[in-house]
Amino acid sequence: MIHSLLAVYYREMLIMRRRLTRLVPSWSVSPLLYLIAFGYAMGKHVAIDGHSYMEFLIPGLIAMNSMTQAFAIASEINIARFYWHIFEEIQAAPVSDFSYVAGEVLAGITRALLSTCVILILGLMFGVVLSCSFMFWFGVFLNSFVFASLAVGLAMLVKSHGDQVLLTSFVITPMAFLGGTFFPLENFPVWGQNLVHILPITHAAKAIRAASLNNILPLSSYIVLAVTGSIFFIIAVVCVKRAKD
Amino acid sequence: MITVKNLNKIYKSIHALKDVNLDVKSGELFAYLGPNGAGKSTTIRILTGLTQPTSGTVTLNGFDLKNSSIKSRQQCGLVPQSINLDQELSVYENMTIHGLLFRMNKKERDDKIEELLNYVDLSARSYSLVKELSGGMKRRLMIARALMHSPSVLFLDEPTVGLDAGMRRKIWALIKKIQQQGTTIFLTTHYIEEAEFLADRVAFLDTGTILVVNTPSNLMSSLGTWALDRLIDDKMEPIYFNDREEANLYIAAHKDSFTLRRVNLEDAFLSITGKKVK
């Protein structure tokens, strides 16, 4: 099982290594623009719970970016499936559905962790030093686990690369803006706060922000992420099994 | 080696395979011949575990495909119709990933990569990216990759589609060489001359049904040895003869224009199915 998991992971890593010079700038552009526009220009004189807006924003950006980068594995899977037909090569090999999903999810998590490093470096350039404790990285890991597992499952359900783009627009983009990444959720009415607490990204932003600003850790958010990730992972394994026509 | 019993595949309203029964012997080169849409690729996809059959059983080297799919997959090498190589990776990396997927250790992998790239004449391109290779090189690489884990059965789904005549001949020589080393080969093709040149036995498939299984020579000799093609109403109609003398007498007795040639496998296909292989 480990052998085939590592084979799937190794393949994704080789591709990522080959594209790294293009990926790192692409991981930097959006966060840099958010930091300049929202953090530096608009939020210069704003303070939230005793922290500068930049200190509030960067953990939110990390939650958002780790979500989008982990979810981006879906595009890689679909390119491999619809354009290069590599999925057939893996399906024809003695690789269990579990190993395949685990390998792809691990690749999504790696991608998310690397993009987090890029944001931390950008934060340093803006003079923001966050606490990168174990619980900070654990929060990023769980958030990536949730969205990479969701990505693998959805990648098996879509029938074309176009459908994948639609899913990103309708699922990921709203979460990126509504899950407490850019503003405190207390600004929402109570019903709105309850609603956004259904979203895993809300829990990820809470956990990552608390850990990076040395606040009290919301353990319930870590539990929600771990449980949601596990459920999405199991669904992804079922979806891979069903992808055989 | 490969035993298929009462195999059926239904896609929504399309009955793609209808009660297919096959028995491929160890070391045999078995060709599966039929026009586009006959069900050739569907059969290969089922035999390699990529598609689930609607009903029927498949046994591969003694392993039931349904109950021991991982073990039976270990026995198979697959060269699909479409190029399914990682274009952004090198030849060596593509081979390595395949070796890892089939649980080979580093020494085994490296030895086998060296041996196979020599075998398919690609050792000089080991570190080239796949996207830099020609169509023929990619096909040869796909065959080498499928042989990485020393499968007992090699499935080749239209292995020469889109290649020029010269490259097609090179691939044929390679396929023959692989068979001579003891590998059972299951080949689908719609190039009739490919089946005629390579196959020990051939199955004619049309609209999901196997019409006949026999050796190419038996199928051709059942019609005769020589064929006379004559044009009737814009359609080429062949007439078959057992010897050349008989054919020459026929030409002398008729005023039409004829082309005399040897009977080929396409004649057998045409006489059984009533249509050409396209």
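Reader: How far is the sulfur of A:C117 from the closest cysteine sulfur?
Author: A disulfide is counted when a pair of cysteine sulfur atoms lies within 2.5 Å. For A:C117 the closest cysteine sulfur belongs to A:C132, and the two are too far apart for a bond because the distance is 8.3 Å.

Reader: What pLDDT must side-chain atom pairs have to count in this predicted model?
Author: Residues are numbered from 1 along each chain as its sequence is written, chains are lettered from A and ligands numbered from 1 in the order in which they are written, and side-chain values use heavy atoms, with hydrogens and water left out. The model is predicted: totals for chains, interfaces and linings use all residues, local features need pLDDT of at least 70, and side-chain atom pairs count only at pLDDT 80 or more.

Reader: How many disulfides does the structure hold over all chains?
Author: A disulfide is a covalent bond between the sulfur atoms of two cysteines. Over all chains of this structure, the number of disulfides is zero.

Reader: Is B:C76 buried or exposed?
Author: Accessibility is judged with a 1.4 Å probe on protein chains only: under 20% relative accessible area is buried, over 50% is exposed, and values in between are partly exposed. A:C117, with 33%, is partly exposed. For B:C76 the relative accessible area is 5%, so this residue is buried.

Reader: What is the volume of the largest cavity?
Author: A cavity is a set of points on a 1 Å grid over the protein atoms alone where a 1.4 Å probe fits but cannot get out. Grid points are joined across faces, edges and corners, and a volume is the space filled by probe spheres set on the points. Six cavities reach 30 Å³ or more. The largest has a volume of about 90 Å³.

Reader: Which element supplies the largest share of the lining of the largest cavity?
Author: Lining residues have an atom within 4 Å of a cavity point, and here they include A:W84, B:D86 and B:Q87. Helices (H or I, at least four residues) and strands (E, at least two) are DSSP runs numbered from the N terminus. In chain A, α1 (2-42) and α3 (73-83) each supply at least two lining residues. The largest share, four residues, comes from α1(A).

Reader: How many residues of strand β9 of chain B are buried?
Author: On one side of β9(B) lie B:R201, B:A203 and B:L205, on the other B:V202, B:F204 and B:D206, and all are buried. The strand, residues 201-206, is therefore largely enclosed by the rest of the structure, its buried residues numbering six of six.

Reader: Which residue in the turn between β9(B) and β10(B) has a positive phi?
Author: Strands pair if DSSP finds at least two bridges between them. β9(B) pairs with β3(B) (residues 29-33) in the parallel sense over four bridges, with B:A31 opposite B:V202. Five bridges join β9(B) to the antiparallel β10(B) (residues 209-214), where B:V213 stands opposite B:A203. These last two strands form a hairpin with two residues between them, and the turn residue with a positive phi, about 40°, is B:T207.

Reader: What share of the 278 residues in chain B is buried?
Author: Chain B has 10 helices and 13 strands, and its C-alpha trace spans about 70 × 45 × 30 Å along its principal axes. One of its exposed residues is B:I14, with a relative accessible area of 54%, found in β2(B) (residues 14-24). Of the 278 residues in chain B, the buried share is 54%.

Technical notes. On a 1 Å grid over the protein atoms alone, a cavity is a set of points where a 1.4 Å probe fits but cannot get out, and a pocket is an open set with protein on both sides within 12 Å along at least five of seven lines; lining residues have an atom within 4 Å of a point.
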